[in-house]
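Hi,

Here is the structure I promised to pass on. Please have a look at it before you read my notes below.

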Amino acid sequence: MAVEQHGAQAPALAGQPARTGEQSRIHNIGYRSYDGPRLGRAYARRSLYSQSLRGAYGLGRSAKSKVLPMLLFAVMCVPAAIMVAVAVATQANDLPIKYTDYAVIMQAVIGLYVASQAPQSVSRDLRFKTVPLYFSRPIETADYVRAKFAALTSALFILTAVPLLVLYVGALLAKLDFTDQTKGLAQGLVSVALLSLLFAGIGLVISAVTPRRGFGIAAVIAVLTISYGAVSVVQAIANEQSSSDAVPWLGFFSPITLIDGVQTAFLGAASAFPGGHGPSSGQGVLYLLVVLGLIAGCYGLLMRRYRKVGL
């Protein structure tokens, strides 16, 4: 309904009488209801996932936003390509490294990627207070958390799995044993999938604590990268002091050493611990339980955080 007024009283000019006679007319223009398809929560969740995944590589954003993720992706892939070229040119009998070793060697690059993209995924929503707007629609807290968690995990899996595929294709071109290479690739993919889940959870939890992106970046680097350096140093000291039994237990204090312990115990990987003192089978079970517990704990903390933010 709209009300239109005509002939409202006009101000009187000097020497003229004021004009009166106010008229009103009602127009029944009505309101049209939306009769199109309602796509619901599932579509909203998929859209949030795809946009977050694209954003993790700068797609759909400015050219400046694409530089760092694409550069880190190239840094991850170039060593694998070089190893493949050397193996093909020299007709080597095996690749220089195992598939399960690649992510551990490149852990600094992976940590830097998480530090740069996890805050980008969630900090801006917190800083500009747009999270309640998400929850004003059919999307709920669980949908938001799952979409963000899955998007960053997928982005990390792409970052870590593509170099393994480069190694695998190169190994087949070098005519290495198909069965051995396929088994090694499968083990490597399981390892990087677990790594992607763990690193994504840790990165998102840290980034969701503060709306300031700079603080989030520094905290993620400290937890993922600096902790690995500190644990490695202490492990090396313990090994030199003839306390090799303590080396596997020290691996519980860094995310990347947790992954290294799991793949050493269950995926046939060679341990990167000093002296090769990887965990035993019993310790490997503890490593796996800790990793799975951390992943579940990160998801729970994110749910709790966004329930508060959405209020």
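Predicted model: local features only at pLDDT ≥ 70, side-chain atom pairs only at ≥ 80, totals over all residues.

Residues are numbered from 1 along each chain as its sequence is written, and side-chain values use heavy atoms, with hydrogens and water left out.

Aromatic pairs first. The structure has 6 of them (ring centres of Phe, Tyr or the six-membered ring of Trp within 6.5 Å; planes under 30 degrees apart are stacked, over 60 edge-to-face, the rest tilted). One of these is the tilted pair of Y144 and Y306, with 4.9 Å between centres and 50° between the planes. Y144 sits in helix α6 (residues 141–173) and Y306 in helix α11 (residues 281–309), so the pair ties together parts 162 residues apart in sequence. Helices here are DSSP runs of H or I with at least four residues, numbered from the N terminus. Both tyrosines, Y144 and Y306, are buried (under 20% relative accessible area; exposed is over 50%, partly exposed in between, with a 1.4 Å probe and protein chains only).

W249 and F252 make a stacked pair, 5.8 Å centre to centre with 25° between the planes. W249 is partly exposed, at 43% relative accessible area. Y57, F73 and Y113 form one aromatic cluster.

Now helix α4 (residues 107–127): 17 of its 21 residues are buried. Just after α4, K129 has a positive phi of about 55°.

Enjoy exploring!

Technical notes. Helix = DSSP H or I, 4+ residues; strand = E, 2+ residues; numbered from the N terminus.
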